[in-house]
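My entries follow in the order in which I made them.

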Amino acid sequence: SPCTPAQHAHANTHTTMLQRCYNNPRHTRTRAAPAARRAHRSGRRGNLPPLKAAAGCVGELCEDPWGQDEDVANGEDVDIYRDTALRYAGYANEVGESFAVFLPPFGVPLSYAVAITYVCFDSVDKGKRAQKKEFEFTQVDDDGSPALAFGSAAADAMVWQLLASVAVPGSVIHTTVAATSHLIHDTDVGSAAHATVLAQVGQDLAPALDVAEAWTPTLVGLAAIPMIVHPIDEAIHKLLNVSLRPAIRDVATLQLGDAAGAVVRAMLMASGNDDTQQEVLEDEQLLGVTVDSNDEFDVTIEPAKDVATWTTRAAILVCGASAPFGLFAISDAVFGTVH
């Protein structure tokens, strides 16, 4: 029999799954065991949420896409790079930029090294997670799709993190700290404010005032970090959705045909969790990935083959990636380097 004991055990309540196992050659090879596991979980987790049904997610793969089952409950599948204190390593460069005035010359570059190291490890982790999810979807490992899933998710996470967690916020905090320091120390407004405050508090408190002025740019920089995270994340997300991700989808489609849907879905889900389900589902729709009632993946958008489309995507990505470096240059030219 092409069906496993686990599938026979669920035959009474999941006859559709069993019929697919016998009647569909692809399911005979690829889908039976994962479907049995998902069917087992569905009894505990209830019906499909309205959000997923509205998004066109109707297959068994949609019932528990993030696999929040016994493994997660036991802490065996915790994403240490996103769900533990280790994620704060991604903020190292923003903190370094905030404390630039107090750090030795190698301090700020070292903070960027810490952040980039975190990004590299996180990217590899997301590649592994996507590879695992893609195999769970298809149970095929001899068509190049696992490697493509790994590379797609790792590249997506790497570019997203380097822009959203390192370059863009680093340039914004760099500029914020430099502008604040310039305003306090190098402008008539700052001098007038210093004189006014000094006249109010007296000369005895002049050292304390100097300390306060020295720390103000750092405190402003630190205060700005939580304010810029969400807008930057949203901007980079939209940037990749019109540049890198469609390119990855098209490459996968040209290589794997309709099976590319599993690769793209695994890539998006690798960085997702219960809090980002709606965002992932919207991205799937945007990229034309669908899952039917038989858990068959499909990509509804034809891959681009014209040079103009690929050139436009590359130009958008390059312009977005260049923006923070332009901001660094403008900041140093206008406000000077904080030291």
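I began with the aromatic rings, and found that ring pairs link Phe99, Phe102 and Trp215 into a cluster. I paired rings of Phe, Tyr and Trp (its six-membered ring) if their centres lie within 6.5 Å, calling planes under 30 degrees apart stacked, over 60 edge-to-face and the rest tilted. By this rule I count four aromatic pairs.

I noted the provenance: this is a predicted model, in which local features need pLDDT of at least 70 and side-chain atom pairs count only at pLDDT 80 or more, while totals for chains, interfaces and linings use all residues. Residues are numbered from 1 along each chain as its sequence is written, and side-chain values use heavy atoms, with hydrogens and water left out.

Tyrosine 81 is in the loop between α6 (70-73) and α7 (92-98), and tyrosine 118 is in helix α8 (residues 107-138), 37 residues apart. For such labels, helices (H or I, at least four residues) and strands (E, at least two) are DSSP runs, numbered from the N terminus. I looked up burial and found both tyrosine 81 and tyrosine 118 buried. Buried means under 20% relative accessible area, exposed over 50%, and partly exposed in between (1.4 Å probe, protein chains only).

I then went back to the cluster. Phenylalanine 99 and tryptophan 215 have ring centres 6.0 Å apart and planes at 85°, so this pair is edge-to-face. Phenylalanine 99 lies in the loop between α7 and α8 and tryptophan 215 in helix α11 (residues 206-241), so the pair ties together parts that are 116 residues apart in sequence. Is phenylalanine 99 buried or partly exposed? Phenylalanine 99 is partly exposed, because its relative accessible area is 24%. Tryptophan 215, at 34% relative accessibility, is partly exposed.

Val101, Phe102, Val211, Trp215 and Leu219 make a nonpolar surface patch of about 420 Å². Patches are made of residues with over 30% relative accessible area and no salt bridge, with like charges joined within 9 Å and nonpolar side chains (Val, Leu, Ile, Met, Phe, Trp, Tyr) within 5 Å. Accessible areas come from the Shrake-Rupley method with a 1.4 Å probe, and for residues only the protein chains shown count as cover. Leucine 219 of this patch is in helix α11.

I also looked for charges over rings (NZ of Lys or CZ of Arg within 6 Å of the ring centre and within 35 degrees of the ring normal). Arginine 87 lies over the face of tyrosine 88, 4.5 Å from the ring centre. Arginine 313 has its charged end over the ring of tryptophan 310, 5.1 Å from the centre.

My next search was for salt bridges (a side-chain nitrogen of Lys or Arg within 4 Å of a carboxyl oxygen of Asp or Glu). The structure holds nine salt bridges. Lysine 126 meets aspartate 122 in one of them, at 2.7 Å from N to O. Both residues lie in helix α8, four residues apart, about one turn of the helix. Lysine 126 is buried at 0% relative accessible area, and aspartate 122 is likewise buried at 0%. Lysine 126 also has a salt bridge with aspartate 125, at 2.8 Å from N to O. Aspartate 125 is buried, with a relative accessible area of 17%. Salt bridges that share partners join Asp79, Arg82, Asp122, Asp125, Lys126 and Arg129 into one network.

Aspartate 156 is buried, at 4% relative accessibility. Leaving aside neighbours within four places in sequence, aspartate 156 is in contact (heavy atoms within 4.5 Å) with Leu240, Leu244, Arg245, Ile248 and Met267.

Last, I noted the totals. The protein chain has 15 helices and two strands. Of its 339 residues, 45% count as buried.
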